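Biologist: I would like to learn how to read the features of a model one at a time. Please give the general idea before each case.

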Amino acid sequence: MSIKKDLLAVGHTALDYIITVDEFPMANHSAPMKTMKNLNGGAAANGAMIGASLGMKTGLISAVGCEFIDSPYHKNMQKLGVDTEALIISEEESTPTAFVMTNNNQDQISYFYMGAGKEFHDSEVPREKIREFKAVHLATGDPHFNCKAGIVAKEEERLVSFDPGQDLGLYSPNKLKEVISNVNILFGNHHEIKRIQESLNVDVNGLMDLGPEIVLKTCGSEGSIIYSDEGKIEVKSIYRPAVDPTGAGDSYKAGFVSRLIYGASLEEAAKFASSVSSFVVEKQGCQTNMPTFDEAYNRMVEFYK
């Protein structure tokens, strides 16, 4: 039976409050906000939404509060065709929420409310839903659930990718090794890949010996480096002035997988991924400037010609 859907993202859906202030208040004081925007986010949701914008048939496994259902965010997902049948819905907790405050010095303070995300730990992995997709991406989320999802996806012979992102500190060395052993692609920025190597006491080849055929390290404006049995491939980034870098990594992963599952080379997939992320950074918010496939492809061709 042919698999008709493309990418299933596993991990957080979140509501992001982006706030600017002149300066952070001292304890027991208050400060006026200059601006506050409520934007859609969450690494897994970003990947599913951007993938859908690129023309993929995507799905999402996230833990959300019951207030999320039929909310504007949920309706945006449905409008783009994201499969949300496997959402884990909490009756007790609200949808995960992030508060990110930036002062005039560009210093940031962030608070993250896990909320419904706590439901992940004891939830069952929906094997039947995983069977509907060619690729499964494990994004920031519960380490225990990600590990279980990776095992099931590997058993079902799906392409499995993993990006621990800012949740890397939640993984013990043993849990990190367990997740990595079940994936085909390990994503991380240059800081994260270094921390993973130090945590597991391995070099890049040692990481690949643990399971992944591809280790992809992003280096911001310096581009990306792909390690595989084809050797080391370096790809320049498509530079655009960054209004907001939030979500660039999530869009990169969605772009990369979108081309890889349709037979593109590693280098072409990375170039396309760079093009996708170059759109996302041009506006504030993770999902406010998602390109179509044609827009991303044309920019890639123009830059790398």
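Biologist: What relative accessibility does Phe99 have, and how is Phe99 counted on that basis?

Modeller: The classes are cut-offs on relative accessible area: buried is under 20%, exposed is over 50%, and partly exposed lies in between (1.4 Å probe, protein chains only). Phe99 has 31% relative accessibility and therefore counts as partly exposed. This is a predicted model, in which local features need pLDDT of at least 70 and side-chain atom pairs count only at pLDDT 80 or more, while totals for chains, interfaces and linings use all residues. Residues are numbered from 1 along each chain as its sequence is written, and side-chain values use heavy atoms, with hydrogens and water left out.

Biologist: Where is Phe99 placed, and which residues form a nonpolar patch with it on the surface?

Modeller: Strands (E, at least two residues) and helices (H or I, at least four) are DSSP runs, numbered from the N terminus. Phe99 belongs to strand S7, residues 97-102. A patch takes residues with over 30% relative accessible area and no salt bridge, joining like charges within 9 Å and nonpolar side chains (Val, Leu, Ile, Met, Phe, Trp, Tyr) within 5 Å. Here Phe99, Ile109 and Tyr111 make up a nonpolar patch, with about 270 Å² of accessible area together. The areas come from the Shrake-Rupley method with a 1.4 Å probe, and for residues only the protein chains shown count as cover.

Biologist: Now helices. Which residues of helix H6 are buried, and why do they line one face?

Modeller: An α-helix has 3.6 residues a turn, so residues three or four places apart point the same way. In H6 (residues 190-200) the buried residues are Glu192, Ile193, Ile196, Gln197 and Leu200. They line one face because, seen down the axis of H6, they fall within an arc of 135°; the arc is that of the directions from the helix axis to the C-beta atoms. His191, Lys194 and Glu198 are exposed, on the face turned away from the buried side.

Biologist: What do the buried residues of H6 pack against, and which residue caps its N-terminal end?

Modeller: Contact means heavy atoms within 4.5 Å. The buried residues of H6 pack against helix H5 (173-180), strand S11 (185-189), helix H7 (204-209) and strand S12 (214-218). The N-terminal cap is Asn189, with a side-chain oxygen 3.0 Å from the backbone nitrogen of His191. Just after H6, Asn201 has a positive phi of about 55°.

Biologist: Which side chain does Ser278 meet in a polar contact?

Modeller: A polar contact is a pair of N or O atoms within 3.5 Å; within protein, one must be able to donate a hydrogen and the other to accept it, and residues adjacent in sequence count only if both atoms are side-chain atoms. The side chain of Ser278 makes such a contact with that of Arg299, at 2.9 Å. The Ser278 side chain also reaches the backbone oxygen of Ser275 at 2.6 Å. Ser278 sits in helix H9 (residues 266-280) and is buried, with a relative accessible area of 2%.

Biologist: How many salt bridges does a search of the whole structure find?

Modeller: Side chains of opposite charge can pair when their charged atoms come close. The criterion is a side-chain nitrogen of Lys or Arg within 4 Å of a carboxyl oxygen of Asp or Glu. The search finds 19. One of them joins Lys5 and Glu132 at 2.9 Å, N to O. That pair links distant parts of the chain, 127 residues apart: Lys5 in strand S1 (residues 5-10) and Glu132 in the loop between helix H3 (127-130) and strand S9 (133-138).

Biologist: Are Lys253 and Asp163 buried or exposed?

Modeller: Both Lys253 and Asp163 are buried, and their side chains meet in a salt bridge of 3.2 Å, N to O. Lys253 lies in helix H8 (residues 248-260) and Asp163 in the loop between S10 and H5, 90 residues apart. Elsewhere, salt bridges that share partners join Lys5, Asp83, Glu85, Lys129 and Glu132 into one network.

Biologist: What is the phi of Glu157?

Modeller: The phi of Glu157 is near 60°, a positive value in a residue other than glycine. Glu157 lies in the loop between H4 and S10 and, at 71% relative accessibility, counts as exposed.
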